[in-house]
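Here's a quick tour of a fold, sheet by sheet and helix by helix. Have the viewer open and follow along.

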Amino acid sequence: MGKIKTIGVLTSGGDAPGMNAAIRAVTRSAIHSGLTVYGIKRGYQGMIDNDMEILNSESVSGIIQRGGTMLQTARCKAFRTYEGREVAYNNLKAREIDGVVVIGGDGSFSGASDMVQEFDIPFIGIPGTIDNDLYGTDCTIGYDTCLNTVIEAVDKIRDTATSHNRIFFVEVMGREAGFVAINSGIASGAEVIMIPEEPNQMEKAREFLSERARKNKSSIILVAEGLEDGSALQIAEKLTPEFPQFDIRVSILGHIQRGGAPSARDRILASRMGVAAVDALLDNQSAAMIGIVNDEIMYVPLNKSVKLHKKISRDLIDLAEGICTFGPGRK
Ligand code: F6P
């Protein structure tokens with residue numbers, strides 16, 4: 001591999017607060033090391049459509065505090081094919097781009113991993129997703145901001161729940177992972193937390209409602225999306241007829257969880273990871289994801305970050321158990 005002179009940076013998959021801070025850090029640290037930087041628009045789609053432009057220090061000023069991504073993002077079907085990746089590679093070569101930083105989640109890293117195996121170009125991944133479901137890093141960019149958004153919303157829902165003496169099923173994002181649900185549930189004092197990693201979650205909500213019948217108190221049941229029992233709405237529809245004595249409502253927080261100004265923690269995480277990604281390319285690394293574990297930068301093989309499953313620790317489940325009325329792991 002020769003000396004890196006020109007790099008591309010892109011954001012891919014679902015957006016996450018802090019992606020702009022990462023783009024800024026990649027751009028500024030690359031320029032500082034004498035590199036030319038291309039911003040690639042709309043993820044891999046822009047690589048295939050040849051939609052890229054040179055970024056300078058000024059192009060990334062005033063963005064660190066903004067949610068979303070200035071480069072825009074997409075989930076690109078064409079990049080899942082060899083033919084699509086070949087077009088993308090030829091477009092990179094035509095601009096003499098000799099290294100790429102991808103900010104995204106596991107789908108984005110799986111595409112990067114294929115590209116590195118098929119073509120002679122290094123890719124480095126920066127974990128950006130509110131789901132926090134990537135192996136090899138304690139936190140992904142956007143997760144902390146998302147937790148803060150969720151607890152602000154749940155605090156507000158609790159005000160109205162208390163006023164009306166209602167039970168609220170609140171659904172949060174996380175695809176098949178319960179990180180957002182368990183930690184926002186702990187931080188908002190939810191009475192019940194339901195996560196896909198643990199079995200019999202609907203049974204726990206049912207038991208809670210049966211026990212609560214004697215207490216008559218408003219409650220928050222925090223539901224992760226992706227439960228095998230169904231969505232919060234489906235679960236509430238199944239349980240409501242069994243408990244006609246309760247006033248049950250459902251609130252799906254949805255995409256507000258992906259927006260908003262990034263927290264200080266996410267801005268710092270993104271800045272550290274952005275600089276580490278450029279360092280990795282300059283060190284001739286490839287097919288690695290930047291992780292931060294116990295506050296130390298790690299280089300995790302991309303295929304490991306895609307294939308290995310990040311688990312919610314038993315300690316955290318036990319902790320939730322100890323302080324919620326019905327935690328996710330209750331026997
Ligand atoms: O960014 C990850 C995620 O927020 C998941 O939690 C969720 O299932 C998914 O994206 C929804 O994204 P979209 O509406 O963009 O398809």
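What follows covers the ground rules, then the sheets, the helix pairs and a few loop residues.

## Ground rules

This is a predicted model, with local features needing pLDDT of at least 70, side-chain atom pairs counted only at pLDDT 80 or more, and totals for chains, interfaces and linings using all residues. Numbering starts from 1 along each chain as its sequence is written, and side-chain values use heavy atoms, with hydrogens and water left out.

Helices (H or I, at least four residues) and strands (E, at least two) are DSSP runs, numbered from the N terminus. Two strands pair if DSSP finds at least two bridges between them.

## The seven-stranded sheet

Start with the open sheet of 7 strands, ordered β3-β2-β1-β4-β5-β10-β11, where the pairing is mixed. The edges belong to β3 and β11 (296–301); each has a single partner strand, so one side of each is left without a neighbour in the sheet. On average, neighbouring strands here are turned by 30° against each other, direction ignored. (Axes are lines fitted to C-alpha atoms, for helices over the stretch in contact, and angles run from 0 to 180 degrees between N-to-C directions.)

Zoom in on β2 (residues 36–40). Of its 5 residues, 4 are buried; buried means under 20% relative accessible area, exposed over 50%, and partly exposed in between, with a 1.4 Å probe and protein chains only. Strand β1 (residues 6–11) runs parallel to β2, joined by 4 bridges, and T6 has T36 of β2 as its bridge partner. To get from β1 to β2 the chain goes through helix α1 (residues 19–32), a right-handed β-α-β crossover. Right-handed here means that, with the strands pointing away from the viewer, the path from the first strand over the helix to the second runs clockwise. With β3 (residues 52–55), β2 runs antiparallel, again over 4 bridges; V37 is paired with L55, and G39 stands opposite E53.

Helix α4 (residues 106–118) lies across β4, β5 (123–127) and β10 (288–293), at about 170° to β5. Helix α9 lies across β1, β4, β5, β10 and β11, at about 140° to β10. Contact, here and below, means heavy atoms within 4.5 Å.

## The four-stranded sheet

The other open sheet described here has 4 strands in the order β7-β8-β6-β9, with parallel pairing. β7 (192–194) and β9 (248–252) stand at the edges with a single partner strand each, so one side of each is left without a neighbour in the sheet. Its neighbouring strands are turned by 20° against each other on average, direction ignored.

β6 (residues 167–172) and β9 pair in the parallel sense over 5 bridges, and E171 has I252 in β9 as its bridge partner. Helix α7 (residues 201–212) packs on the sheet and touches β6, β7 and β8 (219–224), making about 165° with β7. Helix α8 (residues 232–239) also packs on the sheet; it touches β6, β7, β8 and β9 and makes about 155° with β6.

## Helix against helix

How do α1 and α9 pack? α1 and α9 (residues 264–282) pack at about 35°, with their axes 7 Å apart. Their crossing is right-handed; a crossing is left-handed if the near helix is turned anticlockwise from the far one by less than a right angle, and right-handed if clockwise. Among the residues that meet are A21, A22 and A25 of α1 and A270, S271 and G274 of α9. By class, that contact has 8 nonpolar, 3 polar and 1 charged residues. Ala, Val, Leu, Ile, Met, Phe, Trp, Tyr, Cys and Pro count as nonpolar, Asp, Glu, Lys and Arg as charged, and the others, Gly among them, as polar.

The axes of α6 (residues 179–188) and α11 (residues 314–323) come within 10 Å and cross at roughly 35°, and this crossing is left-handed. I182, N183 and I186 of α6 meet L316, I317, L319, A320 and I323 of α11. The class count for α6 with α11 is 7 nonpolar, 1 polar and no charged residues.

## Loop residues

Q72, in the loop between β3 and α3 (82–94), has a positive phi near 60° without being a glycine. Q72 counts as partly exposed, at 48% relative accessibility. E96 is not a glycine either, and has a positive phi of about 60°. E96 sits in the loop between α3 and β4 (100–104) and counts as exposed at 60% relative accessibility.

G14 is in the loop between β1 and α1 and counts as buried, at 16% relative accessibility. Leaving aside neighbours within four places in sequence, G14 is in contact with M19, R75, G128 and R258.
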